[in-house]
Amino acid sequence: VNALYFGVHNGKVIDFVGGLQDLKARRLCLIGDPETRYREDPVRMLRAVRFAAKLNMDIDEPSSDAIHHYAGLLQNIPPARLFEEVLKLLFNGQGLLTYELLEKFGLFAQLFPQTANLTKIVGSREACFVEQVVINTDNRINNGQRVTPAFIYAALLWYPIEEATAQYQTESGLSPADAFSMACSSVLSSQLKRIMIPKRFSIPMREIWHFQHRLSKRYGRRAYQMLAHPRFRAAYDFLLLRGQIEGGDLFELAQWWTDFQEANNEQRKTMLDDLRQSSPSKGRYRRKRKKL
């Protein structure tokens, strides 16, 4: 359907490959043998999925069957090239359908293997989180709002980081903070072997991740300092999304920050006072005088 020509001299569409017939049937077909075409350039599998989602068309059976068989060839594609291809997939306003097709054809596991291991169970928090991320991204794009690759990449790697953090704490006995920092580096390093993420995005990703722990420490001046931080809004949106999926204390924390942003100065002071009074008091050890 994208191999049609327009004859300027007579105003007619020139079709050498049956594209008009496919267009009427809303069908996508590769030109030539699918196996040969995918071996020549495995990225064609991603483009087939992107066109199918964006144009609401079906991939014909020979082309779709071959994707299942040759999805692993994407591992041969340079990571730098895949970064741009993934942006086209997830930032086309049809991210949810694209994601579903990537999962269906086994392509998502080739792009995000660490995440795919956790999203296999339908209805799990990991699967719901990824779905909600792409839904929110679609909504922002379709409403003309700004989106950044840093946010969606940070979201796609969040639960692998949580899993790696728990593993480092159990196996190495590291503190929660050290285990989390180590997990961020490890998960990101593994992902870069599949998709090269430029530093202008990977640095904000790290900031969003680390902010998730800082947002729970909101006593006194810290709340105002975090509110003024240039990365606060992205970190807050990230926390809000996590709260919607996980609920509980995380949802309450996100709601607190929502209220804090909307409050005036006097209301903010009251919120912080109430928070301090409701928090468990920190006992202090008193030094006993040594009796002589």
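Contact here means heavy atoms within 4.5 Å of each other. Keep that in mind for the close-ups below, which come from a predicted model.

View 1. Let's start with Thr98, a residue of helix α6 (residues 95-104). How exposed or buried is Thr98? Its relative accessibility is 0%, and buried means under 20%, so Thr98 counts as buried. If you leave aside the neighbours within four places in sequence, Thr98 is in contact with Val49, Ala53, Leu89 and Asn92.

**View 2. Helix α4 and its buried face.** Now look at helix α4, which covers residues 61-70. Ser63, Ser64, Ala66, Ile67 and Tyr70 of this helix are buried. Look down the axis of α4 and you'll find these buried residues within an arc of 160°, so they line one face of the helix. Here's a handy bit of background: an α-helix has 3.6 residues a turn, so residues three or four places apart point the same way. What do the buried residues of α4 pack against? Their partners are α2 (34-40), α3 (43-55) and β4 (58-59). On the face turned away from the buried side of α4, you'll spot the exposed residues Glu61 and His69.

**View 3. Two helices that cross, α5 and α10.** A quick tip before you look: two packed helices are described by the angle between their axes and the distance between the axes. Helix α5 (residues 79-90) packs with helix α10 (residues 149-156) at an angle of about 90°, and their axes are 12 Å apart. Angles of 65 to 115 degrees count as roughly perpendicular, and α5 and α10 are therefore roughly perpendicular to each other. Which residues make the contact? From α5 come Phe83, Val86, Leu87 and Leu90, while α10 brings in Pro149, Ile152, Tyr153 and Leu156. Two of these names, Phe83 and Tyr153, turn up again in an aromatic cluster, together with Tyr99, Phe108, Phe112 and Phe201.

View 4. Searching the whole structure turns up 17 aromatic pairs. One of them joins Tyr5 and Phe16: the ring centres are 6.2 Å apart and the planes sit at 65°, so this pair is edge-to-face. Tyr5 belongs to strand β1 (residues 4-7), while Phe16 is in the loop between β2 (12-15) and α1 (19-25), so the pair ties together parts that are 11 residues apart in sequence. Both Tyr5 and Phe16 are exposed.

View 5. Trp256 and Trp257 are both buried.

View 6. Most residues other than glycine have a negative phi. Arg26 isn't a glycine, yet its phi is positive, near 55°. Arg26 is found in the loop between α1 and β3 (27-28), and at 40% relative accessibility it counts as partly exposed. Asn56 isn't a glycine either, and its phi is positive at about 55°. Where is Asn56? Look in the loop between α3 and β4. With 57% relative accessibility, Asn56 counts as exposed.

Definitions and conventions:
Residues are numbered from 1 along each chain as its sequence is written. This is a predicted model: local features need pLDDT of at least 70, side-chain atom pairs count only at pLDDT 80 or more; totals for chains, interfaces and linings use all residues. Side-chain values use heavy atoms; hydrogens and water are left out. Rings of Phe, Tyr and Trp (its six-membered ring) pair if their centres lie within 6.5 Å; planes under 30 degrees apart count as stacked, over 60 as edge-to-face and the rest as tilted. Helices (H or I, at least four residues) and strands (E, at least two) are DSSP runs, numbered from the N terminus. Buried means under 20% relative accessible area, exposed over 50%, partly exposed in between (1.4 Å probe, protein chains only). The arc is that of the directions from the helix axis to the C-beta atoms. Axes are lines fitted to C-alpha atoms, for helices over the stretch in contact, and angles run from 0 to 180 degrees between N-to-C directions. Angles under 35 degrees count as roughly parallel, over 145 as roughly antiparallel, 65 to 115 as roughly perpendicular and the rest as oblique.
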